[in-house]
Amino acid sequence: MSWRDRLRDEVRALRAYEPEGVGEGARLDANESPYAPEGAEREAAMAALADLAWNRYPEPGVPRLRAAVAARLLVDPAWVTVGNGSDELLPILCTVFGKPPPGRARASILIPTPTFSMYRLCAEPLGLEVRELPLGPRFELDAAALGRAVSADPPNLVFLASPNNPTGAWVERAAVLAALAPAESLVVVDEAYGGFSGRTHRDLLREHPNLILLQSLSKVGLAALRLGVLVARPELVRELDKVRLPYNVNAFSARAAEVLLTRFGDELDQRIAWVASERERLFEALCALPGVEVFPSAANFLLLRMARASLVAEALRARGIVVRNLDRPGPLAGCLRVTVGTPQENDLFLLSMQNILAGASPP
Ligand SMILES: *Cc1c(COP(=O)(O)O)cnc(C)c1O
């Protein structure tokens, strides 16, 4: 017997997630914030870290971090659990709610596509079937079709990224309600980019026991911390906490985030607002480029569609700008995803796009 004989088929068929190589210049490919906490914020967080006992495990369940998160989201701490990034919460959800329905061999998830690749990547190795509901030609989500798909053959879990990655589209209230209404599936609304949209579906939590909300600190300037947040009713959170590894969030990240969220929430919000207003400027400027289709975005990135997108991505790279090239056969053919950067980075990106589309070679 070879070790290969023990490999799950689902894993053999997968490819590891590989972020694009880190280059010099403007990194507009990973939806990170161009702004990190600096000055007094950084000093306050570093001072708090200095007091940590390196020989001790983190406090079980990181209660102080959960309280800080809960205060920011205006929910009770019993409704909150945290993950090493919200990515870590996805396999936990698939495990806890992965019971095959009566008469079926496998549990399933439903995702509108294209969407965040991690839902599939987490569900498949655990043996869950992945069902897709294709978005429309301009990536619109048909709420009625979603409702029909959920009620006709209820999946265990529905994942709705709102705003969606990579399209940037906010998921309308009607679509969330259509997924929730049959009350037979858990509906996970992933608001990793929620801050940039100025809207939330959080208020639906009270009335809908099958709703789960995800949030992340990764896109708002704290990607290095790896902190994700889940909000759901306490009974449900308690089931998830049985499977979540006891010390999944490290004491350093927990402490730094607690300080930043409790003492510098306004500064965090200010940086989110800067990025959102730059997104609007970038959107207007890109709409003026000939041959470029720009999709409205409620997130910190914009999805573009154009002829010869891969060549444009290469030409941008030659100019020191990295964007996410999504151009391959399928629904995202011709698409690039560009993260909103600093005003200077965005200007450089715009100028480069103008030159590339006008057929100029790099300087
Ligand atoms: C980036 C992203 C996340 C965040 O993942 P983390 O593990 O918290 O960094 C979650 N959902 C979507 C849709 C994303 O694009």
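In this tour, a residue is buried when its relative accessible area is under 20%, exposed when that area is over 50%, and partly exposed in between, with a 1.4 Å probe and protein chains only. The model is a predicted one, in which local features need pLDDT of at least 70 and side-chain atom pairs count only at pLDDT 80 or more, while totals for chains, interfaces and linings use all residues. Residues are numbered from 1 along each chain as its sequence is written, and side-chain values use heavy atoms, with hydrogens and water left out.

**First stop: the aromatic rings**

Select Tyr119, which is buried at a relative accessible area of 1%. Rings of Phe, Tyr and Trp (its six-membered ring) pair if their centres lie within 6.5 Å; planes under 30 degrees apart count as stacked, over 60 as edge-to-face and the rest as tilted. The structure holds 7 aromatic pairs. One of them joins Tyr119 and Phe159, which are stacked at 4.8 Å centre to centre with 15° between the planes. Because Tyr119 belongs to helix 5 (residues 118-123) and Phe159 to strand 5 (residues 157-161), the pair ties together parts that are 40 residues apart in sequence. Helices (H or I, at least four residues) and strands (E, at least two) are DSSP runs, numbered from the N terminus. Now include Phe116: together with Tyr119 and Phe159, Phe116 forms one aromatic cluster.

Next, select Tyr193 and Phe301. How are these two rings arranged in their aromatic pair? They are edge-to-face, 5.0 Å centre to centre and with 80° between the planes. Tyr193 lies in the loop between strand 6 (186-190) and helix 8 (194-197), and Phe301 in strand 10 (residues 301-305), so this pair ties together parts that are 108 residues apart in sequence. Tyr193 is buried at 4% relative accessibility, and Phe301 is buried at 0%.

The charged end of Arg337 sits over the ring of Phe301, 5.7 Å from its centre. For this description, NZ of Lys or CZ of Arg must be within 6 Å of the ring centre and within 35 degrees of the ring normal.

**Second stop: the ligand**

Return to Tyr193 and show the ligand. There are 13 residues around the ligand, and Asp190, Tyr193, Ser218, Lys219 and Arg226 come nearest; a residue is near a molecule if one of its heavy atoms lies within 4 Å of it. A polar side-chain atom of Tyr193 is 2.7 Å from an oxygen atom of the ligand. For Arg226, a polar side-chain atom lies 2.6 Å from a ligand oxygen atom. In the side chain of Asn165, an N or O atom is 2.8 Å from an oxygen atom of the ligand.

The peptide bond joining Asn165 and Pro166 is cis, with omega about 15°, and Pro166 is found in the loop between strand 5 and helix 7 (173-180). Then select Thr113 and Pro114, whose peptide bond is also cis, with omega near 5°. Pro114 lies in the loop between strand 3 (108-113) and helix 5. Most residues other than glycine have a negative phi, and most peptide bonds are trans.

Val62 has a positive phi, near 30°, and its place is in the loop between helix 2 and helix 3. Leu74 has a positive phi too, near 60°, and lies in the loop between helix 3 and strand 2 (80-83). Which of the two states, buried or exposed, applies to Leu74? At 74% relative accessibility, Leu74 counts as exposed, whereas Val62 is buried at 9%.

**Last stop: helix 10**

Select helix 10 (residues 251-263), which has 13 residues. Its buried residues include Ala254, Ala257, Val259 and Leu261. Among the elements that cover its buried residues are helix 2 (39-50), helix 3 (63-73) and helix 11 (265-287).

Key: Expected span 1.5 Å × (residues − 1). Contact = heavy atoms within 4.5 Å. Polar contact = N/O pair within 3.5 Å; in protein donor to acceptor, adjacent residues only side chain to side chain.
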